[in-house]
Amino acid sequence: MSAAVALSTEDLRAVAGFAAASAETVLGSFEADQPDDPRPRDAIAAAWAFARGGERGKALRDTAWAALKAAQEAHTAAGREAARAAMAAAGAAYLHPLAKATQVKHILGAGAHAARAAELVAGGSAADHLARTVRRATPEVVDVLNRYPSAPDGGGRVGELTRLLDAALRTGPE
């Protein structure tokens, strides 16, 4: 059984705001692919609404699932990753107070999917995008991250980007 992690509503709001800001950076990649599909934008808006004091409820869950469906319907890899970033942003509010490495994906998933989308658009490295994501993280987000074990192995390129973000945020500025 995993140990419990202390999490306040304010902690969850900080994580959701970080995730929404991360996903927002690549929303244009999805919208270029599917200009008439509002689902990822709606998921990011729901994450922002929670981060700014809204309820953690049905709107977050529904928009997260809708963004995942939008990812499945996107035509480009960058569009798919951008929609997954939006899905992860709406899901960030559901970080569980369990000391499991898999929970790190709730904190960093939007940033990792956004970095992958940016990498696909640029046709190269995600390093610059990851550096901007690290700078975007507030001390509150880093504090929450440090309550959990390091990001888990696996997950392909997005898993690798998650681990890179995790390591960069835990070690702090160079």
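This is a predicted model: local features need pLDDT of at least 70, side-chain atom pairs count only at pLDDT 80 or more; totals for chains, interfaces and linings use all residues.
Local features need pLDDT of at least 70 and side-chain atom pairs count only at pLDDT 80 or more, while totals for chains, interfaces and linings use all residues. Residues are numbered from 1 along each chain as its sequence is written, and side-chain values use heavy atoms, with hydrogens and water left out.

**View 1. Lining of the second largest pocket.** The volume of this pocket is about 160 Å³. A pocket is an open set of points on a 1 Å grid over the protein atoms alone, where a 1.4 Å probe fits, with protein on both sides within 12 Å along at least five of seven lines; lining residues have an atom within 4 Å of a point. Among the lining residues are Lys105, His113, Asp153 and Arg163. Two or more residues each come from α6 (104–122) and α9 (156–171), and α9 gives the most, with 4 residues. Helices are DSSP runs (H or I, at least four residues), numbered from the N terminus. The lining divides into 3 nonpolar, 6 polar and 3 charged residues, with Gly counted as polar.

**View 2. Alanine 32 in helix α2 (residues 27–33).** Alanine 32 counts as exposed because its relative accessibility is 66%, the cut-off for exposed being over 50% (1.4 Å probe, protein chains only). Its C-alpha atom is separated by 26 Å from that of arginine 135, 103 residues apart along the chain.

**View 3. Helices α1 (residues 9–24) and α5 (residues 77–91).** Their axes, lines fitted to C-alpha atoms over the stretch in contact, come within 8 Å and cross at roughly 170°. The two helices are therefore roughly antiparallel (angle over 145 degrees, on a scale from 0 to 180 between N-to-C directions).

Technical notes: Grid points are joined across faces, edges and corners, and a volume is the space filled by probe spheres set on the points. Buried means under 20% relative accessible area, exposed over 50%, partly exposed in between (1.4 Å probe, protein chains only). Angles under 35 degrees count as roughly parallel, over 145 as roughly antiparallel, 65 to 115 as roughly perpendicular and the rest as oblique.
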